[in-house]
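Q: Could you take a close look at the salt bridges here and at what surrounds them? I'd enjoy one connected walk through that part.

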Amino acid sequence: MEQSITQPASKRQFMNVYILFILCLLDTILTDIGLRTHIIGEANPLMNWIYSSSKIAFYLMKLALPVALIVILSKMRATLLVNLFLRAALVIYSIVFLMHISWIVSVLALSI
């Protein structure tokens, strides 16, 4: 069966967006903890500036991507391009989450 270029947003796409939201939320919380405890530094200069200016703005900016995707998927037909970007974002945030797990494990290992 051939897949068309556009199709309605599926439950799987929404599930992927919600997983992305959870990964973004975890990234935001763990980054905040790491920055507050001086275990890590924010590599993104723009996010570092936002974090220094306002923690609330930092949280809002970090969570804007998955919220925007939820809105986009609910308002339009999902295209192959949207699916590609969604999957790329999931891969990137999964890698970021694994990096957070890595420094948490490192810190815990040093404290033992």
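A: Arg36 and Asp32 join their side chains in a salt bridge, with an N to O distance of 2.8 Å; the term stands for a side-chain nitrogen of Lys or Arg within 4 Å of a carboxyl oxygen of Asp or Glu. Keep in mind that this is a predicted model, where local features need pLDDT of at least 70, side-chain atom pairs count only at pLDDT 80 or more, and totals for chains, interfaces and linings use all residues. Residues are numbered from 1 along each chain as its sequence is written, and side-chain values use heavy atoms, leaving out hydrogens and water.

Both partners sit in helix α1, 4 residues apart, about one turn of the helix. Helices here are DSSP runs of H or I with at least four residues, numbered from the N terminus. Arg36 is exposed, at 52% relative accessible area, while Asp32 is buried at 5%. Buried means under 20% relative accessible area and exposed over 50%, with partly exposed in between, using a 1.4 Å probe and protein chains only.

The structure holds 2 salt bridges, and Asp27 with Lys62 forms one of them, also at 2.8 Å from N to O. Asp27 belongs to helix α1 and Lys62 to helix α3 (residues 55-75), so this pair ties together parts 35 residues apart in sequence. Asp27 and Lys62 are both buried.

Now for the loop between α1 (11-36) and α2 (45-53), which contains His38. His38 is not a glycine, yet has a positive phi of about 60°. With 70% relative accessibility, His38 counts as exposed.

Terms used: Helix = DSSP H or I, 4+ residues; strand = E, 2+ residues; numbered from the N terminus.
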